[in-house]
Amino acid sequence: MSDPHETVRISSLLASRLCHDLVNPVGALNTGLEVFNEETDPEMREHAIRLIQESTTKTIALLSFARFAFGSSGAFEGELDMFEARKLALSLFEHYKAELKWELDVPMMPKFRARALLNMLLMAEKSVPRAGSTVTVSGDVNRVMISAEGPKIKYSDEVKACLAGESTELAAKETPAYLAYLLARSGGDSISADFASEENLIFTIAPAAS
């Protein structure tokens, strides 16, 4: 991305996306602290402690995941520890309605592909945001599949445009899809999306056809 204005725009949108994700857990954490400090009723204080614990756990999960997915961490070069990536992804999905099934058994992966995977997990989760849905990661070090399965699955035109490298109408909530596209492209990969059924959408990250 050579255009400095485009770089600033994408960075700003990613920051907006992260802030949006953090508003609810941080707000709940603040509420819990206020209740704990003001209430004398033991039951209310116990409820406040649970709220503080849950909100803190979610905030840490969001920030830890974002550091890997959004943060430079050495830019595009090198490899990423996939056991750590798996741990962060599973921790994050504990706070989502969709269940994450990680069937990708590789210790390391090129950083550009691994970070593209993490960003596409966010898009897969948004496509099946209902209880009973699943997001499954499978494949190998060279080809990664992210399967989103659930009722009333969504695959928006905005996400399609992002994966095609079109960012003109980019909004903060779709920015991870565009970042995934940029990361994949930096290493010669492309990201495709195909419906295996009406309730199963599969994203594939693999070397682009020459």
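This is a predicted model: local features need pLDDT of at least 70, side-chain atom pairs count only at pLDDT 80 or more; totals for chains, interfaces and linings use all residues.

User: Why look at residues three places apart in a helix?

Analyst: An α-helix has 3.6 residues a turn, so residues three or four places apart point the same way.

User: And how do I describe two rings next to each other?

Analyst: You give the distance of the centres and the angle of the planes. Four aromatic pairs are counted here. For Tyr 178 and Tyr 181, the ring centres are 5.7 Å apart and the planes are at 25 degrees, so this pair is stacked; planes under 30 degrees apart get that label.

User: Are Tyr 178 and Tyr 181 buried or exposed?

Analyst: Both Tyr 178 and Tyr 181 are buried.

User: Which residues form an aromatic cluster?

Analyst: Tyr 155, Phe 195 and Phe 203 make up one cluster. A ring can also have a charge over it: the charged end of Arg 45 sits over the ring of Phe 36, 4.0 Å from its centre.

User: Where does α1 bend?

Analyst: At Val 23, by about 40 degrees, and a proline, Pro 25, follows within four residues. Pro 25 is also one of the buried residues of α1, as are Leu 13, Leu 14 and Arg 17, among others.

User: What covers the buried residues of α1?

Analyst: The cover includes α2 (42–69), α4 (111–127) and α6 (175–186).

User: What about α4? Is Lys 111 in that helix buried or exposed?

Analyst: Lys 111 lies in helix α4, and with a relative accessible area of 9% it is buried, because the cut-off for buried is under 20%. Lys 111 and Asp 81 are 30 residues apart in sequence, yet their C-alpha atoms are 8.7 Å apart in space.

User: Now strands. How do β2 and β4 run?

Analyst: They run parallel, with four bridges joining β2 (residues 99–102) to β4 (residues 134–139). Leu 100, for instance, has Val 135 in β4 as its bridge partner. Look at the faces of β2 too: Leu 100 and Trp 102 are on the covered face, while Glu 99 and Lys 101 are on the uncovered one.

User: And how do β4 and β5 pair?

Analyst: In the antiparallel sense, over six bridges, with β5 spanning residues 144–149. A hairpin joins β4 to β5 through four residues, and the bridge partner of Gly 139 is Val 144 in β5.

User: Last one: what should I know about phi?

Analyst: Most residues other than glycine have a negative phi. Lys 152 has a positive value, near 55 degrees. You'll find Lys 152 in the loop between β5 and α5 (157–163), where it is exposed, with a relative accessible area of 65%.

Key: Residues are numbered from 1 along each chain as its sequence is written. Side-chain values use heavy atoms; hydrogens and water are left out. The bend at a residue is the angle between axes fitted to the seven residues ending there and the seven starting there. Helices (H or I, at least four residues) and strands (E, at least two) are DSSP runs, numbered from the N terminus. Buried means under 20% relative accessible area, exposed over 50%, partly exposed in between (1.4 Å probe, protein chains only). Contact means heavy atoms within 4.5 Å. Two strands pair if DSSP finds at least two bridges between them. Rings of Phe, Tyr and Trp (its six-membered ring) pair if their centres lie within 6.5 Å; planes under 30 degrees apart count as stacked, over 60 as edge-to-face and the rest as tilted. A charge sits over a ring if NZ of Lys or CZ of Arg is within 6 Å of the ring centre and within 35 degrees of the ring normal.
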